[in-house]
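Have the sequence and the 3D view ready, and follow along.

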Amino acid sequence: MDSNHKLQEVLDGISSAEKQAGRKLGDTRLIAVSKTFAGDQIEPVLRAGHRIFGENRVQESQQKWPQLIQKYPDVELHLIGPLQSNKAADAVALFDVIHTVDREKIAKALAAEMSKQGKKLKLFVQVNTGLEEQKAGIAPDKVIDFVNDCRTVHDLEISGLMCIPPFDDNPGPHFALLRKLAKQANVEELSMGMSGDYQLAIEFGSTCVRVGSAIFGTR
Ligand SMILES: *Cc1c(COP(=O)(O)O)cnc(C)c1O
């Protein structure tokens, strides 16, 4: 099955999960995660009309997206991988949304770059819901204070929270925790759900699912 058919399957899967959960149709945005795939593998999905894409590395994105954006200027590009502060300028220049704000230094660097470039990105705070040592994200008990600091110290608007549940865990409790924290932090959006669990994430209120392999195939 080609990526166009798979894209349509995922879009149908999203609609049916929204229906199942009693949510409004179209409430959930699909980020097509194109990391590791080359421009010519991404283009069929662009030609099918999809415009929201996710990448996890700044450098890889700089190599393939400028040409695609020239052809499809209304692309909305999301950074879903960890960000180093020395890449903040490049990230602000290329991306529209960043899902991985997780520490003071990054918040500060993004605030400075956005004002320098006169560009306002949509931002998510990444939460390490499984407290995994190797994983990025802020600890759940630090989320409220961090979101408030982003607002008051750095004058940043935070749109939502993002998580990547531990690979071996049932993701449900992680989605529930993220939803609870978002309510407490007073943010609207939830970036959660991947190829294997996006329908479950929608039941838990996801507004942004990040789906790669179910569209582009295995990496
Ligand atoms: C790769 C990636 C995804 C997509 O994963 P799939 O299982 O291929 O859908 C989602 N979120 C993040 C942060 C990723 O790095």
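## Where the ligand sits

In this predicted model, the ligand sits in the largest pocket. That pocket holds about 280 Å³ of space.

How can anyone tell where a pocket is? Rolling a probe the size of a water molecule over the atoms shows where empty space is left.

Sorted by class, the lining has six nonpolar, six polar and four charged residues.

## Around the ligand

Which residues surround the ligand? They are Val33, Lys35, Ile80, Met162, Ile164, Met194, Ser195, Arg210, Val211, Gly212, Ser213 and Arg219. This shell divides into six nonpolar, three polar and three charged residues.

## Polar contacts and cover

Now zoom in on the polar atoms. A polar atom in the side chain of Lys35 is 2.7 Å from an oxygen atom of the ligand. Gly212 uses its backbone instead: one of its polar backbone atoms lies 2.8 Å from a ligand oxygen. For Arg210, an N or O atom of the side chain is 2.9 Å from a nitrogen atom of the ligand.

On its own, the ligand has 390 Å² of accessible area, and the protein covers 88% of that.

Note on methods:
Residues are numbered from 1 along each chain as its sequence is written. This is a predicted model: local features need pLDDT of at least 70, side-chain atom pairs count only at pLDDT 80 or more; totals for chains, interfaces and linings use all residues. Side-chain values use heavy atoms; hydrogens and water are left out. On a 1 Å grid over the protein atoms alone, a cavity is a set of points where a 1.4 Å probe fits but cannot get out, and a pocket is an open set with protein on both sides within 12 Å along at least five of seven lines; lining residues have an atom within 4 Å of a point. Grid points are joined across faces, edges and corners, and a volume is the space filled by probe spheres set on the points. Ala, Val, Leu, Ile, Met, Phe, Trp, Tyr, Cys and Pro count as nonpolar, Asp, Glu, Lys and Arg as charged, and the others, Gly among them, as polar. A residue is near a molecule or strand if one of its heavy atoms lies within 4 Å of it. A polar contact is a pair of N or O atoms within 3.5 Å; within protein, one must be able to donate a hydrogen and the other to accept it, and residues adjacent in sequence count only if both atoms are side-chain atoms. Accessible areas come from the Shrake-Rupley method with a 1.4 Å probe; for residues, only the protein chains shown count as cover. A molecule sits in a cavity or pocket if more than half of its atoms lie within 2 Å of its grid points.
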